[in-house]
Amino acid sequence: MIVGTKKEDGIVDPHQDLRNSGLKITLPRLKVLDIFRNSEQRHLAAEDVYRILITEHSEFGLATVYRVLAQFEQTGLLKKSQLGNNKAVYELNDGEEHHGHLVSTSTGEVREFYDLGIEERLKVIVRELGYELTDYDITAYGTPIANKS
């Protein structure tokens, strides 16, 4: 399922996205979906979502956040990635091109990258092993390089 069902006027309808996923429309689900749609940060951990809810004076517990995230992942509304140190982050399943993640070892910042060459090389490797590539997950770790001025 790809998130972003639009109404006739072009506005994304979160109610329809929840209906299409088979989930009942509840306030916690609407709030969490809204956070992912409006956050400047594409990758959010459960704790990030919880902190945002607290700043919005929502009274949902962390357990509720985890439960909603798990439901969204199971229904395909969100994609989950494990990015080292057992840190799970989520992002909207919005049909974006397959991409890898670069995690800063000093700040924890997550950046996305896409490289057709890497994908093509993976297809070759997998084919040589007698398989067809159906999915892949690439996470690279690095330390920012100081500017040399």
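Leaving aside its neighbours within four places in sequence, which residues is Ser 58 in contact with? I shall return to that question once the setting of Ser 58 has been described.

Good morning, colleagues. The structure before you is a predicted model. The chain has 149 residues, of which 32% count as buried. It contains 5 helices and 5 strands. Read from the N terminus, the order of elements is α-α-α-α-β-β-β-β-α-β. Among contacts with a separation of 6 or more, 44% are between residues 24 or more positions apart.

Let me begin with the helices. Helix α2 covers residues 27–38, and its axis comes within 10 Å of the axis of α4, with a crossing angle of roughly 75°. An angle between 65 and 115 degrees counts as roughly perpendicular, and α2 and α4 are therefore described as roughly perpendicular to each other. On the α2 side, the residues that meet α4 are Pro 28, Arg 29, Val 32, Leu 33 and Phe 36. Their counterparts in α4 are Thr 64, Val 68, Leu 69, Gln 71 and Phe 72.

From α3, the contact draws on Ala 46, Glu 47, Val 49, Tyr 50 and Leu 53. From α4, the residues are Leu 62, Val 65, Tyr 66 and Leu 69. This contact between α3 and α4 divides into 8 nonpolar residues, no polar residues and 1 charged residue. Please note Leu 69 of α4, which is listed in the contact with α2 and is listed again in the contact with α3.

Between α3, residues 46–55, and α4, residues 62–75, runs a loop that contains His 57. Ser 58 lies in that loop between α3 and α4 as well. Are these two residues buried or exposed? His 57 is exposed, with a relative accessible area of 69%. Ser 58, by contrast, is buried, at a relative accessible area of 11%. The backbone of His 57 also deserves a remark. Most residues other than glycine have a negative phi. His 57 has a phi near 60°, a positive value in a residue other than glycine.

I can now answer the opening question. Leaving aside neighbours within four places in sequence, Ser 58 is in contact with Lys 31 and Leu 53. Leu 53 belongs to α3, where it takes part in the contact with α4.

I turn next to the sheet. It is an open sheet of 3 strands, in the order β4-β3-β5, with mixed pairing. Strands β4 and β5 are the edge strands, each pairing on one side only. From one strand to the next, the twist averages 25°.

With β5, residues 139–142, β3 runs parallel, and 4 bridges join the two.

Leu 102 stands opposite Arg 111 in β4, while its bridge partner in β5 is Ala 140. Gly 100 stands opposite Phe 113 in β4.

Strands β3 and β4 form a hairpin, with 5 residues between them. In the turn, Gly 108 has a positive phi of about 85°.

What of the burial of β3? Of its 5 residues, 4 are buried, so β3 is largely enclosed by the rest of the structure.

Thank you for your attention.

Conventions. Residues are numbered from 1 along each chain as its sequence is written. This is a predicted model: local features need pLDDT of at least 70, side-chain atom pairs count only at pLDDT 80 or more; totals for chains, interfaces and linings use all residues. Side-chain values use heavy atoms; hydrogens and water are left out. Two strands pair if DSSP finds at least two bridges between them. Buried means under 20% relative accessible area, exposed over 50%, partly exposed in between (1.4 Å probe, protein chains only). Axes are lines fitted to C-alpha atoms, for helices over the stretch in contact, and angles run from 0 to 180 degrees between N-to-C directions. Angles under 35 degrees count as roughly parallel, over 145 as roughly antiparallel, 65 to 115 as roughly perpendicular and the rest as oblique. Contact means heavy atoms within 4.5 Å. Ala, Val, Leu, Ile, Met, Phe, Trp, Tyr, Cys and Pro count as nonpolar, Asp, Glu, Lys and Arg as charged, and the others, Gly among them, as polar.
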